[in-house]
Amino acid sequence: MGCPWVWVFLNMLVLGVESSCDETGVALYDSTRGLLAHALYSQIAMHNDYGGVVPELASRDHIRRVLPLTRQVLTESGCALADIDGIAYTQGPGLAGALLVGAGMARALAYALNIPAVGVHHLEGHLLSPLISDTPPAFPFVALLVSGGHTQLMLVEGVGRYALLGETLDDAAGEAFDKTAQLLGLGYPGGPVLSQLADSGDATRFTLPRPMLHSGDFDFSFSGLKTAVLTLVKKAGLEAAPDIAAAFQAAAVDVLVGKSLAACKHSAALRLVVAGGVGANRRLRAELTARAAQRGIEVFYPKLEFCTDNGAMIAFAGAQRMAQGGITDLWFAVKPRWELATLEAV
Ligand code: KG4
Ligand code: ZN
């Protein structure tokens, strides 16, 4: 294995592998040329029949996809296996069996190529994804992480320097979108389809609660909102689904925007980064950008394709970690549960 001190300063081509949940993502990131190629296979259609992710099916499908996707990014980028300098894989949090597929493949390939491998925190991947850009935000910034499994506000001072400001006490924002979509008889995952339906609804017909909006801290709670939707569905019926979807989206977005701006004020931050699947929500983007601008705060979003799970963010985060010398030995274990705030700069 090459000496890490040589590694730190040279150009690096990093293969990134994401397999924490229901998407297999592979990408090649070059530390000077940027993202060279990325490929994704989504298992959404397979899990849709079950109304949610079936872990065992997810693991088996990752096994089927990960090598063809790796070949695809090599072909698209015109690179050979021998050109790769390091491999980054999602080490956690996520589904244990699914994580093991990416981790096992990445570690085995790194061993065969005699190059280093690094396990990446999935949320660090999301958090740094807006930096895969020609105009990345400078540190420090406040980050709103809104995915299917997490809702967190973090103060980010550099790679590995994350302070948790607040998080959800129950459901994640994406989970609230998914559960509300389920109550409205929409498919899985519910976020994109619910937000589409909301666009055709009247957001002013019903008013839903804004949980914890004025709680004075940076924590969230979305489970009460879901219960309020259930009560409303029983009262107004599914004919009112577009208006209920619009009312839910307005309430969820209002809370996310209000808390994010409060966190910026508290941290005296003028930059806000939004990452994770819910960051693709158009109403959230429009409202956050507009209300932040009134306070002189600039908001940065990942490209739409990098909001949901992908290999590019893992390759990118892995490259940052390797640049810091964060290279681990051959021993590996996945971490299905892993707090982002426990990460440290190398
Ligand atoms: O970050 P992600 O791909 O997976 C996790 O790491 O959890 O996020 C997936 C979540 C799902 O809950 C999905 O419903 C939500 O992001 N989502 C959206 C939108 N697109 C995806 N929620 C609201 N509006 C969207 N446009
Ligand atoms: Zn994710």
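This is a predicted model: local features need pLDDT of at least 70, side-chain atom pairs count only at pLDDT 80 or more; totals for chains, interfaces and linings use all residues.

**Entry 1**

Is Glu175 buried or exposed, or something in between? Its relative accessible area is 25%, so I noted Glu175 as partly exposed, since buried would need a value under 20% and exposed one over 50%.

Next I looked up what Glu175 pairs with, and found a salt bridge between its side chain and that of Lys179, at 3.2 Å from N to O.

Lys179 has another salt bridge to report, with Asp171, at 3.3 Å from N to O. A reminder to myself: side chains of opposite charge can pair when their charged atoms come close.

**Entry 2: further along H6**

I stayed with helix H6, which covers residues 173-183, and picked Gln182. Gln182 counts as exposed because its relative accessibility is 51%. I also looked up how far Gln182 is from Leu194: their C-alpha atoms are 9.3 Å apart, with the two residues 12 apart along the chain.

**Entry 3: salt bridges elsewhere**

How many salt bridges does the rule count? I found 15. One of them joins Glu124 and Arg321, whose closest N and O atoms are 2.9 Å apart. I liked this pair for linking distant parts of the chain, as Glu124 is in helix H5 and Arg321 in helix H11, 197 residues away. Both Glu124 and Arg321 are buried.

I also noted a network of salt bridges that links Arg210, Asp254, Arg283, Glu287 and Arg291.

**Entry 4: two domains**

Then I stepped back to the whole protein. It is divided into domain 1, made of 5-128 and 307-342, and domain 2, which is 139-301. The contact between them takes 21 residues from domain 1 and 22 residues from domain 2. I found their C-alpha centres to be 27 Å apart.

The size of an interface is often given as the accessible area lost when the parts come together. Here domain 1 and domain 2 bury about 1,700 Å² between them, and 68% of that is on carbon and sulfur atoms. Which residues of domain 1 lose the most area to domain 2? They are Leu123, Leu127 and Cys307, together 34% of what that side buries.

I searched for salt bridges across this interface, and the rule finds zero. For polar contacts, the count between domain 1 and domain 2 is three residue pairs. On the side of domain 1 that touches domain 2, helices H2 (44-48), H5 (122-128) and H11 (311-323) each give two or more residues. H5 gives the largest share, five residues. By class, I listed nine nonpolar, eight polar and four charged residues on that side.

**Entry 5: His126**

My last stop was His126, which is in helix H5. His126 counts as buried because its relative accessibility is 1%. What does His126 touch, leaving out residues up to four places away in sequence? My list reads Leu145, Ala275, Gly276, Cys307, Thr308, Asp309 and Met313.

Definitions and conventions: Residues are numbered from 1 along each chain as its sequence is written. Chains are lettered from A and ligands numbered from 1 in the order in which they are written. Side-chain values use heavy atoms; hydrogens and water are left out. Domain bounds come from an automatic or database domain assignment. Contact means heavy atoms within 4.5 Å. Buried area is the accessible area (1.4 Å probe) that two parts lose on being put together, summed over both. A salt bridge is a side-chain nitrogen of Lys or Arg within 4 Å of a carboxyl oxygen of Asp or Glu. A polar contact is a pair of N or O atoms within 3.5 Å; within protein, one must be able to donate a hydrogen and the other to accept it, and residues adjacent in sequence count only if both atoms are side-chain atoms. Helices (H or I, at least four residues) and strands (E, at least two) are DSSP runs, numbered from the N terminus. Ala, Val, Leu, Ile, Met, Phe, Trp, Tyr, Cys and Pro count as nonpolar, Asp, Glu, Lys and Arg as charged, and the others, Gly among them, as polar. Buried means under 20% relative accessible area, exposed over 50%, partly exposed in between (1.4 Å probe, protein chains only).
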